Amino acid sequence: MAGLVARSVGRVPSLSAPQRPLRVGQPLWLADAARGQQRYPALSGRHDAAVAVVGGGITGALVAHAFATAGISTTVLEAAAVGRGSTAASSALLLKEPDLELTQLTNRYGVRRSRRIWELSHQSVDQLIALLKRRRIRCDLKMRDAVYYATTAQAAERLRQEHELRARLGFESEWLGPVRLRRLTGITGHGAVLTKASAQFDPYRACVGILRAASAAGAHVFERSEVRRIEKTPDGVCISTRHGTLHADRVVIATGYATPRFRPLAGRFRMYRTYVLATEPLDIGQRDDVGLSDVMVWDTERPYHYARWTPDHRLLLGGGDRLVKPGQQRGQHSGTAARDLRAYFDAQLPALATVRTERVWEGLFAVTADSLPYIGPHRRYPRHWFALGYGGNGMTFGSLAARLLLERWQGVKSRDHALFEFARLRRP
C-alpha cells in the first residue's frame with residue numbers, strides 16, 4: 001500500500017512511500033502469487049476520473065469496486081503492486097466482532113451506538129462474503145465458526161458477562177464450558193464464546209480478484225504509481241505521480257494509516273506490528289493430536305493470539321502484537337516475537353511441539369484510540385475522504401468503508417456515518 005501526505009498548494013514529499021515497511025517476510029499467500037498474476041501499468045500522461053483511490057490493498061479494492069459498479073469513473077493508484085502490503089501480511093480471519101468487546105464499546109459509547117457498531121461489523125463481513133461468492137472469486141473462502149476463549153478464571157467470568165450482554169442486545173452466541181472448549185479446540189481454558197458464520201480466505205487472491213472485478217466494471221488500476229503530490233484545484237484535486245497526473249473530483253485515501261508526513265493526522269494512530277507463523281502441512285494423525293477442529297480461535301489476552309487452519313492443513317498462528325517505538329528498525333524484534341508466539345501456542349496445544357514452523361512474517365497496522373476506523377472527510381483536507389485505522393479488522397471493515405463512502409458520493413446521510421467520523425472522539 002501507499003503512504004501519504006497532502007497539502008492544498010505547493011510541492012510536498014512523496015505521498016505513497018511509507019515511512020515504515022508494511023510487511024517483513026514472505027507470507028504464505030505470496031508463495032505462488034506470480035503464477036497467473038494480473039499486472040497493471042504505471043500511470044503515465046494525463047488522466048481524469050470522478051474518484052481516485054490511493055492504495056491498492058483490500059480496502060482500496062472494495063472502494064473501487066463499489067464506485068465502479070455504481071457507474072462512477074474510478075481510478076486506483078498503488079505505489080508498488082496491488083495486494084502485497086498489509087493485505088498480504090494478514091492471516092485473514094473474517095471475524096464479525098470488532099477489536100473492542102461489546103462491553104467495552106458500551107462503556108464508552110452507550111448501548112444504542114455500540115449495538116449499531118456491532119451490527120455494522122456483522123453486516124460488513126456478510127457483504128464481503130456475498131461479494132466474493134457473487135463474483136466467484138477463487139480465494140479459498142470457507143465459512144467458519146469462531147471461538148473466543150479465556151485462559152484464566154477471572155477472564156472467563158468477564159467473558160461470560162460479555163456473552164450475556166451480547167444475548168441481551170440481540171447478538172447470537174453460545175457459551176462453551178471448559179469441557180466443550182477442549183473438545184472443540186484442544187485448548188485447556190476456563191470458558192469461551194462461540195459465534196457462527198464468520199469466515200476465512202486467502203487475502204491476496206481476494207484482493208486481486210476484487211480489483212479484477214472492479215476493472216471489468218470500468219475502474220482503471222495503476223501499479224508502480226507512487227503518489228508524490230495532491231493539490232487542490234477549483235473543481236477537485238490534481239494527483240501527481242512520477243510520470244503522470246490524475247485529475248479527480250474526490251480522492252479516497254485507503255492506505256491503512258496516515259504516515260508521519262501527514263502530520264495533522266499521524267498523531268491519531270498508534271502503530272503496531274503483528275506476527276504470523278505458518279507450520280508445515282500436518283497429516284490427519286497430527287491434526288487429531290493437536291485437537292483443533294475447523295474453527296477459528298482467539299483469546300481474551302491483550303495483545304491477543306489467534307489460530308486457524310489453511311486448506312493445505314497448515315496451522316496459522318498469529319498475534320502477539322507489539323507497539324512500534326520511535327527509532328525501531330524493521331524486523332528488530334521479529335525473532336523474539338516469533339519465539340514468544342510459538343511458545344504461547346505450544347503451551348495451549350502441546351502436540352505442536354513436534355511440528356515445524358515453515359514461514360514467519362510480520363505486518364504493520366494502525367490502531368485508533370477506540371480501535372474503530374476513520375471513514376469519511378476531514379476538515380483540513382478538502383475533497384479528501386479517508387478509510388484508515390482498522391486495527392486488526394481491516395478485512396472486517398473494508399466493505400463498510402466502501403458502502404459509507406459511496407453513500408456520501410450519492411448524497412445519502414445517516415447516523416452510521418457519524419459513528420466512524422474523525423470528530424467522534426471529541427463527543428461526550
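What volume does the second largest pocket have? In this predicted model, the second largest pocket has a volume of about 320 Å³. Its lining comprises 16 residues, and those closest to the centre of the pocket are Asp99, Tyr272, Arg302, Val367 and Ser371. Two strands, β12 (270–279) and β16 (357–367), each contribute at least two residues to this lining. When the lining of the second largest pocket is divided by class, 7 residues are nonpolar, 5 are polar and 4 are charged.

Rolling a probe the size of a water molecule over the atoms shows where empty space is left. The largest cavity holds about 590 Å³ of space, and its lining is formed by 36 residues, with Ser90, Gly391, Gly392, Asn393 and Gly394 lying nearest the centre. Two or more residues of this lining are given by each of the elements α1 (58–69), α2 (86–89), β11 (244–256), β16 and α10 (394–409). Strand β16 provides the largest share, with 4 residues; β16 is also one of the strands that supply at least two residues to the lining of the second largest pocket. By class, the lining of the largest cavity consists of 18 nonpolar, 15 polar and 3 charged residues.

The second largest cavity has a volume of about 30 Å³, and the residues that line this cavity are Trp29, Asp140, Gln200, Phe201, Asp202, Arg308 and Pro311. Of the residues in this lining, 3 are nonpolar, 1 is polar and 3 are charged.

His163 is part of helix α4, which spans residues 153–168. The relative accessibility of His163 is 13%, and this residue is therefore classed as buried, since the term applies to values under 20%. The side chain of His163 forms a polar contact with the side chain of Ser173, at a distance of 2.8 Å. Ser173 is also among the residues that His163 touches when those up to four places away in sequence are not counted, the others being Glu174, Trp175 and Val193.

Technical notes:
Residues are numbered from 1 along each chain as its sequence is written. This is a predicted model: local features need pLDDT of at least 70, side-chain atom pairs count only at pLDDT 80 or more; totals for chains, interfaces and linings use all residues. Side-chain values use heavy atoms; hydrogens and water are left out. On a 1 Å grid over the protein atoms alone, a cavity is a set of points where a 1.4 Å probe fits but cannot get out, and a pocket is an open set with protein on both sides within 12 Å along at least five of seven lines; lining residues have an atom within 4 Å of a point. Grid points are joined across faces, edges and corners, and a volume is the space filled by probe spheres set on the points. Ala, Val, Leu, Ile, Met, Phe, Trp, Tyr, Cys and Pro count as nonpolar, Asp, Glu, Lys and Arg as charged, and the others, Gly among them, as polar. Buried means under 20% relative accessible area, exposed over 50%, partly exposed in between (1.4 Å probe, protein chains only). A polar contact is a pair of N or O atoms within 3.5 Å; within protein, one must be able to donate a hydrogen and the other to accept it, and residues adjacent in sequence count only if both atoms are side-chain atoms. Contact means heavy atoms within 4.5 Å.
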